[in-house]
Amino acid sequence: MQIYQQILSQIESGTFKVGDKLPAERELCEQFGVSRAPIRQALSALELNGFIYSRQGEGVYVKSNQSLASSTQDPISFDSVSPEEIVEVRMNIEPLIIKFAVQRATDEEIAVLRATIDKMEQETKSGVYVPETDEALHYNIAKASHNELFINIMSAIINAMKKQEMWQFIRDRTVTRPDYLEVNLNEHKQIIEAIEKRDEKKATDIMSKHMQNLYDRYWK
């Protein structure tokens, strides 16, 4: 998260103003002395939180110096919904999103997903669950669908989860268990492997199973 924080500080301080184009990935790699994977993870997190947006073939631009979670800029407001309603929506929409992600994901987008799942694996081996990594994975799958409505819906869902105290209570009560960490990692690894293989049916089936397991673990 260090790279994320440093770029965010530059946005919040006005070094990068709204509308400014950020340096290219190669320049950021040289600036921070790292490979592309952590740069892409930081940019994905910044985009998820509403600070930047990307234009395919053009680059990345500053969208706001205030995060979606702390503003009223959510494309869709889910503030009043319950955790159960959030899961019901996810159970029905995420299998559809991944169908288009399998069809449309670029090699670069698949590389970002692979880097994110590798990060999740490292965290799991350390016995730690980092919700931001999980959220980034699902958000990047939505981005790979190349459908702005899917992307906006997923962004709104993630920000609703961040604002929902009951959701956080339920999540913290379950995801810290060692058995859950391994299951959660394996389900996500299978999802990414299916996308890499362009296996639409398998990706959809695994995502449906993952969402059902999520519901069962939280409420049964």
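The legends below describe several close-up views of a predicted model.

Residues are numbered from 1 along each chain as its sequence is written, and side-chain values use heavy atoms, with hydrogens and water left out. Because the model is predicted, local features need pLDDT of at least 70 and side-chain atom pairs count only at pLDDT 80 or more, whereas totals for chains, interfaces and linings use all residues.

**View 1. A salt bridge between arginine 40 and glutamate 25 joins two helices**. The closest N and O atoms of arginine 40 and glutamate 25 are 3.1 Å apart, where a salt bridge is defined as a side-chain nitrogen of Lys or Arg within 4 Å of a carboxyl oxygen of Asp or Glu. Arginine 40 belongs to helix α3 (residues 36-48) and glutamate 25 to helix α2 (residues 25-32), so the pair ties together parts that are 15 residues apart in sequence. Helices (H or I, at least four residues) and strands (E, at least two) are DSSP runs, numbered from the N terminus. Both ends of this pair are buried, arginine 40 with a relative accessibility of 15% and glutamate 25 with a relative accessible area of 18%; buried means under 20% relative accessible area, exposed over 50%, and partly exposed in between (1.4 Å probe, protein chains only).

View 2. Across the whole structure, a search finds 12 salt bridges.

**View 3. Helices α3 and α5 pack at an angle of about 95°**. Their axes are 9 Å apart, axes being lines fitted to C-alpha atoms, for helices over the stretch in contact, with angles that run from 0 to 180 degrees between N-to-C directions. The two helices are therefore roughly perpendicular to each other (angles under 35 degrees count as roughly parallel, over 145 as roughly antiparallel, 65 to 115 as roughly perpendicular and the rest as oblique). Ala37, Arg40, Gln41 and Ser44 of α3 make the contact with Glu108, Ala111, Val112, Ala115, Thr116 and Lys119 of α5, contact meaning heavy atoms within 4.5 Å. By class, this contact of α3 with α5 has 4 nonpolar, 3 polar and 3 charged residues; Ala, Val, Leu, Ile, Met, Phe, Trp, Tyr, Cys and Pro count as nonpolar, Asp, Glu, Lys and Arg as charged, and the others, Gly among them, as polar.

**View 4. Helix α6 (residues 131-144) and helix α9 cross at roughly 20°**. The axes of α6 and α9 come within 12 Å, and the angle makes α6 roughly parallel to α9. On the α6 side the contact is made by Asp134, Leu137, His138 and Ile141, and on the α9 side by Asn184, His188, Ile191, Ile192 and Ile195. The residues of this contact of α6 with α9 divide into 5 nonpolar, 3 polar and 1 charged.

**View 5. Asparagine 140 and isoleucine 141 are buried residues of helix α6**. Asparagine 140 has a relative accessible area of 5% and, not counting residues up to four places away in sequence, touches Ser44, Val112, Leu113 and Thr116. Isoleucine 141 has a relative accessible area of 3%, and, leaving aside its neighbours within four places in sequence, its contacts are Ile97, Ile98, Ala101, Leu113, Ile191, Ile192, Ile195 and Met207.

**View 6. Histidine 146 and arginine 198 are loop residues with a positive phi**. Histidine 146, in the loop between α6 and α7, has a phi of about 55° although it is not a glycine, and is partly exposed, with a relative accessible area of 31%. Arginine 198, in the loop between α9 and α10 (200-219), has a phi of about 60°, although it is likewise not a glycine, and is partly exposed at 37%.
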